[in-house]
Amino acid sequence: MLTLLKKLSAHLILAIPVMMLAGFACGMLMDASQLKALIVPFTFLMVYPMMVTLKVRKVFEGGDIKAQVLTQCINFGVVPFLAFAAGRIFFHDNPYMALGLLLAGLVPTSGMTISWTGFAKGNMSAAVKMTVIGLVAGSLATPFYVQALMGTAIEMSLLAVFKQIVFIVFLPMVLGYATQRYLVKKYGQPRFQREIGPNFPPLSTVGVLGIVFVAMALKARTIAAAPEMLLSILAPLALIYALNFILSTVVGKALLPRGDAIALVYGSVMRNLSIALAIAINAFGAEGSDAALVIAMAYIIQVQSAAWYVRFTPKLFGPAEEPEAVPEPQPAR
């Protein structure tokens, strides 16, 4: 089972469309409203396993302050407003789909930030810090951004949204960290990192696919009545990701060394779509399914674009520096 989950995690680009089709079929064949009872367990299963392996202590290590500041400036000073503007242009008549774009732009970084930075031979230590800082700051800032930018277009209670974020993000974070410390104490840090920890993130895949399935099932009949809706969602998402990649690449090349620049790209372009999806489906009632559909489509573009960017990294930033060879000791004469 764990092997299957790891394969699904590595092939989300295929697994998510398949689950979307399954959800669509389910929503057409039956009353999907009863599936709402699965949202809370899927949400917890999506978030908690990621928190077990989160390296919170990395935040307090120094050495890449400039990269961290630049990344969060892009994450909170540029991307949310880019997503908001795209929502106003493309979804001016559907504020909850515009909300989906905004939520996708408000919670930066995920475990894949670290993975893709590693694949591109960037600074993984900086990527870990970006992930923790982005997750915490994004979760705290999201209710205020949504209230300030969309408070007149959608119905929301600031306190209710914040309560959902506490339940969705901070409770699993506390429980995940407690689980991590217990397992490290029982089995030791080396065994936890090598054998135990890697088994948790694939479990999140079940939650992600479950939420995508439910979101699609809830919107199935609406999509069937207007199938062009899916194409109308892909256009603004593709635009946002393209502009984000261009901006972060230019800033990284101009201001940072190679490893930090790559971490900045993946620390600002990769969004925590799992958290955004959970907020949309839990905090905004029935209308949140529109926002959830947008976020589910973002998975497709995010995973595909991240993979292609790795291929172009050597051309954009130059080849990774190879570690200097240590000379072999000469035999004594």
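## Helices H13 and H15

Helix H13 and helix H15 (residues 288–317) have axes that come within 12 Å and cross at roughly 160 degrees. Here axes are lines fitted to C-alpha atoms, for helices over the stretch in contact, and angles run from 0 to 180 degrees between N-to-C directions. Helices (H or I, at least four residues) and strands (E, at least two) are DSSP runs, numbered from the N terminus. H13 and H15 are therefore roughly antiparallel to each other; angles over 145 degrees count as roughly antiparallel, under 35 as roughly parallel, 65 to 115 as roughly perpendicular and the rest as oblique. The crossing of H13 and H15 is right-handed, a term used if the near helix is turned clockwise from the far one by less than a right angle, with left-handed for anticlockwise.

On the H13 side, Arg 258, Ala 261, Ile 262, Val 265, Tyr 266 and Val 269 meet Gln 302, Ala 306, Tyr 309, Val 310, Thr 313 and Phe 317 of H15. Contact means heavy atoms within 4.5 Å. By class, the contact of H13 with H15 has nine nonpolar, two polar and one charged residues. Ala, Val, Leu, Ile, Met, Phe, Trp, Tyr, Cys and Pro count as nonpolar, Asp, Glu, Lys and Arg as charged, and the others, Gly among them, as polar.

## Basis of the model

This is a predicted model, in which local features need pLDDT of at least 70 and side-chain atom pairs count only at pLDDT 80 or more, while totals for chains, interfaces and linings use all residues. Residues are numbered from 1 along each chain as its sequence is written, and side-chain values use heavy atoms, with hydrogens and water left out.

## Helices H9 and H10

Helix H9 (residues 158–187) packs against helix H10 (residues 189–196) at an angle of about 115 degrees, with the axes 7 Å apart. That makes H9 roughly perpendicular to H10. H9 passes H10 in a right-handed crossing.

Gln 180, Arg 181, Leu 183, Val 184 and Tyr 187 in H9 meet Gln 189, Arg 191, Phe 192 and Ile 196 in H10. The contact of H9 with H10 comprises, by class, five nonpolar, two polar and two charged residues.

Helix H4 (residues 65–77) has 13 residues, which at 1.5 Å a residue should span 18 Å; its end C-alpha atoms are 17 Å apart, which agrees. The expected span is 1.5 Å times one less than the number of residues. Among the buried residues of H4 are Ala 67, Leu 70, Ile 74 and Phe 76. Buried means under 20% relative accessible area, exposed over 50%, and partly exposed in between (1.4 Å probe, protein chains only). The buried residues of H4 pack against H5, H6, H8, H12 and H13.

Asp 64 is found in the loop between helix H3 (39–52) and H4. At 6% relative accessibility, Asp 64 counts as buried. Its contacts include Asn 123, Lys 129 and Asp 260.

## Individual residues

Leu 135 lies in helix H8 (residues 124–150) and, at 3% relative accessibility, counts as buried. Not counting residues up to four places away in sequence, Leu 135 touches Met 51, Leu 54, Pro 108, Thr 109, Val 169, Met 173, Asn 272 and Ile 275.

Lys 121, in the loop between helix H7 (111–119) and H8, is exposed, with a relative accessible area of 53%. Lys 121 has a positive phi of about 60 degrees although it is not a glycine. Pro 41, found in helix H3, is partly exposed at 47%. Pro 41 and Gly 210 are 169 residues apart in sequence and 9.5 Å apart in space, C-alpha to C-alpha.
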